[in-house]
Amino acid sequence: MKVRRILSVLAVGATLAGAATAQETTIRLAEADTFSYEDLVQLIAYQNTRDRGVGVEVISLKSDDITFQAVLNQQVDMGVGDSYEAIGNLDAPIRNIYQIRKLAYVPVVDKTVSSDWMGLDGKPFAVHSRGSGTEALAKVAERKNGIKFSQILYVPGSEVRLVAMQRGNIIATYLDLTTSKVLIDSDPDKFGVLPTGDQDASDSTLYADQSFLAAHPEAVQILLEELLKAAQATNADPSFPARERERLGLLPDMTAEEVAQITPYFEQAVGIGIFPTDGGGEAAAQADLEFLAEAGKIPAAEDKPLDAYWDFAPLAAAQEVVGADTK
């Protein structure tokens with residue numbers, strides 16, 4: 001289950017950032033979530049970026065919308081989450097530069113209400129938040145199955161939706177890998193999994209203000225190099241995040257039970273290809289635009305070029321150093 005650990009992460013980041021000299025760049029980064037072991041690929045990359053002399057300050061905000069606004073208003077330099085709809089609507093000077101992870105949500109349902117998508121026609125469906133990947137998935141599910149939910153309920157956090165499912169407060173939702181397994185295992189006679197379909201689009205991307213990208217290309221490249229290295233090492237060996245967490249002192253407040261869940265989670269995640277080894281790039285951008293267009297969240301994918309949403313140059317520079325794959 002996703003565990004709230006942002007204070008521990010920020011404490012480590014603040015200590016290291018304080019040691020930085022005035023000449024060093026500090027990347028201010030916001031994310032619409034708090035951190036758990038599921039985010040270790042990012043956390044490892046952030047720590048290794050700091051160790052290379054680039055400060056990384058991380059804050060947690062309440063939603064993707066607030067995170068995007070913080071980047072747009074230059075309160076922070078980069079954001080992690082969903083940015084496509086806001087970039088398109090506002091014609092904002094912000095671009096995606098890295099695919100953090102692909103969508104990996106499992107549609108779950110109370111089988112006493114329905115055992116398939118058709119049975120959810122006219123029923124409420126819960127998602128994480130407005131603009132989230134789970135909301136887009138729900139809209140795609142409506143279109144593909146020819147149904148219409150009576151209401152979209154916004155319930156932030158997979159673990160919160162897990163408890164709501166168990167209490168009967170919601171009847172269907174998307175959960176992440178860990179919480180979906182917990183739900184099904186808690187009562188396999190009551191809870192079931194619906195067909196997922198293709199989920200090649202991004203769950204979250206790293207995006208940045210274009211003026212920051214232009215002013216700090218070296219710092220941005222170092223961060224992307226470390227993200228690539230961490231993703232490639234995890235895909236090559238899913239036990240890597242657990243070892244690096246211990247070595248780097250990340251998420252120090254985790255219990256022994258939580259620590260034991262790290263490698264099994266990454267084995268499952270690597271098995272279905274959540275963490276791209278090439279940072280996404282043009283293939284990710286194309287998949288995202290097609291997915292979001294199908295979800296009705298942006299105009300048809302061909303209406304705007306890929307570079308209206310992405311700046312591919314920083315990733316290309318990092319790939320020149322690290323390579324685009326472990327192969």
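The legends below describe close-up views of a predicted model. Residues are numbered from 1 along each chain as its sequence is written, and side-chain values use heavy atoms, with hydrogens and water left out. Because the model is predicted, local features need pLDDT of at least 70 and side-chain atom pairs count only at pLDDT 80 or more, whereas totals for chains, interfaces and linings use all residues.

**View 1. Packing of helix 2 on helix 9.**
Helix 2 (residues 40-51) packs against helix 9 (residues 217-236) at an angle of about 135 degrees, with the two axes 8 Å apart; axes are lines fitted to C-alpha atoms, for helices over the stretch in contact, and angles run from 0 to 180 degrees between N-to-C directions. That angle makes helix 2 oblique to helix 9, given that angles under 35 degrees count as roughly parallel, over 145 as roughly antiparallel, 65 to 115 as roughly perpendicular and the rest as oblique. On the helix 2 side the contact (heavy atoms within 4.5 Å) is made by Val41, Gln42, Ile44, Ala45, Tyr46, Asn48 and Thr49, and on the helix 9 side by Ile222, Leu223, Glu226, Leu227, Ala230, Ala231 and Thr234.

**View 2. Packing of helix 9 on helix 14.**
The axes of helix 9 and helix 14 (residues 313-322) come within 8 Å and cross at roughly 60 degrees, which makes helix 9 oblique to helix 14. Helix 9 contributes Val220, Gln221, Leu224, Glu225, Leu228, Lys229 and Gln232 to the contact, while helix 14 contributes Pro314, Leu315, Ala317, Ala318, Gln319, Val321 and Val322.

**View 3. The largest nonpolar core and Met78.**
The largest nonpolar core has 59 residues, and those with the most contacts inside it are Leu40, Tyr46, Met78, Ile97, Tyr98, Leu206 and Leu224; such a core is a set of buried Ala, Val, Leu, Ile, Met, Phe, Trp, Tyr and Cys residues joined through side-chain atoms within 4.5 Å. Helix 9 gives the most to this core, with 9 residues. Not counting residues up to four places away in sequence, Met78 touches partners including Ile27, Leu29, Val71, Ile97, Leu206, Phe212, Val220 and Leu223.

**View 4. Asp77 in its loop.**
Asp77 lies in the loop between helix 3 (64-72) and strand 3 (78-81), and Asp77 is buried, with a relative accessible area of 7% (buried means under 20%, exposed over 50%, partly exposed in between, with a 1.4 Å probe and protein chains only). Leaving aside residues up to four places away in sequence, Asp77 touches Thr26, Ile27, Arg28, Val71, Tyr207, Ala208, Asp209 and Phe212.

Conventions:
Helices (H or I, at least four residues) and strands (E, at least two) are DSSP runs, numbered from the N terminus.
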